[in-house]
Amino acid sequence: MRISRRAVVTAAVLATVLPLSACGGESGSGSSDASGKVEGKITFQTWNLQANFKDYFNGVIAGFEKKYPGTEVKWVDRPGEGYADKISADAAGGTLPDVVNVSPDLVAPLARAGLALDLDKAAPQYRKEYLDGAWKAHQIPGTEGTYAFPWYLNTGPMFYNKRLFKDAGLDPEKPPTTYDQVFADGLELAGKSNGKVATLANVPTIEDFGRYGGQLMNKEGTAFAFNDAKGVELLTHYKELYDAKALDAQALTATPESSGHKFLTESVAMNPGSALDLANFKKQAPSLYKNIGITDQVSSTGKANMYVMGLMVNAQTKQKPAAVAFAHYVTDAARQMDFAKQVAIFPSTAGSLDDPYFTKEDGTDETRVRVAAAKSLKTAVNYTPVLFSEQMKTELRNQIAKALQGKQSPKEALDNAVKACDRLLQQS
């Protein structure tokens with residue numbers, strides 16, 4: 001199983017199925033009180049993890065049951081495909097497991113339907129154990145509370161081609177790390193190469209608007225706001241890059257795979273990636289590999305973007321003390337550290353990223369990337385609004401494409417994108 005940097009789910013699917021009447025439950029089952037003896041049988045659901053991590057999770061469950069005699073954990077694992085639909089069906093049918101593996105956009109409709117336990121009320125004593133940005137990732141605009149324990153994190157550094165920077169007269173040891181620097185260096189690279197070398201191969205996403213410093217949504221969670229002055233400024237700069245061929249000509253239809261290929265063939269100077277990519281460069285493009293540079297994600301806020309997974313406790317569970325205790329147990333520092341050493345993810349617990357495993361290089365490519373990514377995660381945030389669905393991402397991308405092609409101004413494009421996304425938000 002490959003844990004992706006961002007799990008792709010559609011919160012809108014859930015939102016159209018979950019009955020709002022689910023709020024509250026019967027016999028006080030919707031109470032946030034998680035005090036009491038940790039005992040009883042609970043069900044724990046993960047997302048496409050059993051195939052490669054069966055021994056790990058069986059060990060975690062055994063450890064929990066030993067720590068809390070009288071508990072029993074039933075583990076179920078669901079495939080990645082159709083995961084959102086499965087949760088939707090379980091929520092509507094009243095069969096949602098006690099502890100559920102979720103991403104922020106999956107938890108949002110569950111919380112609004114009263115099915116996700118508010119940890120700020122039920123387990124506030126645990127908040128200090130986690131990175132602030134990770135804890136806040138499962139909060140919902142316009143709603144008080146935090147609705148899942150942060151679990152594993154991921155992010156990726158930015159790769160750049162030192163040779164291409166040097167050929168353009170730029171310092172290969174000082175790559176751009178802010179958007180303004182990227183725009184300036186991008187125009188320089190395109191000009192010196194007569195348009196043969198682009199700096200980037202992707203159009204801006206919602207995360208880019210966040211890292212640029214724009215407002216993405218109002219505080220009430222009722223409307224999007226990425227068409228503010230900062231948003232228009234960002235898209236205007238991307239239009240300048242596109243016109244100068246500093247943004248790859250195929251960026252409008254690019255996928256992560258196609259963008260990676262552009263970087264591999266040295267026609268693009270910068271591209272985000274992971275340790276897996278670095279190993280691929282070494283094998284398939286040795287000339288690129290010997291000139292590879294690794295730097296932080298581009299950000300004008302000083303904070304990188306994080307991708308986060310969490311464990312949600314079903315607010316309707318009949319074994320609330322056990323469910324909360326187990327979700328915390330799985331996501332505590334010891335268990336997260338063990339998991340991080342089995343797969344290329346990062347713990348969300350405070351202090352864990354200071355471990356030598358994440359700070360000291362040993363000369364391997366895997367460690368080079370791990371250390372770079374871990375450093376940025378300490379202050380990273382999840383820029384993608386939890387209410388921003390896949391449909392909304394498509395609307396934004398389509399409007400950006402029109403702006404880059406000159407069919408409408410950046411302001412018109414973002415106004416139209418916000419209007420479309422607000423409409424989808426109201427329908428959810």
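The model is a predicted one, in which local features need pLDDT of at least 70 and side-chain atom pairs pLDDT 80 or more, whereas totals for chains, interfaces and linings use all residues. Residues are numbered from 1 along each chain as its sequence is written, and side-chain values use heavy atoms, without hydrogens and water.

Where does Asn-305 sit? Its place is the loop between strand E7 (292-295) and strand E8 (307-313); strands here are DSSP runs of E with at least two residues, and helices are runs of H or I with at least four, both numbered from the N terminus. The side chain of Asn-305 reaches the backbone nitrogen of Tyr-383 at 2.8 Å. Beyond its neighbours within four places in sequence, the contacts of Asn-305 include Thr-155, Glu-207, Arg-211 and Gln-297, as well as Ala-380, Val-381, Asn-382, Tyr-383 and Thr-384; contact means heavy atoms within 4.5 Å.

I turn now to the whole chain. The protein chain has 19 helices and 8 strands, and 55% of its 428 residues count as buried. Of its contacts with a separation of 6 or more, 77% are between residues 24 or more positions apart. Along the principal axes, the C-alpha trace spans about 70 × 50 × 35 Å. The radius of gyration is 22 Å, which agrees with the value near 22 Å for a compact globule of 428 residues, the rule being 2.2 Å times the number of residues to the power 0.38, over C-alpha atoms.

Notes
Buried < 20%, exposed > 50% of the residue type's maximum accessible area, 1.4 Å probe, protein only. Polar contact = N/O pair within 3.5 Å; in protein donor to acceptor, adjacent residues only side chain to side chain.
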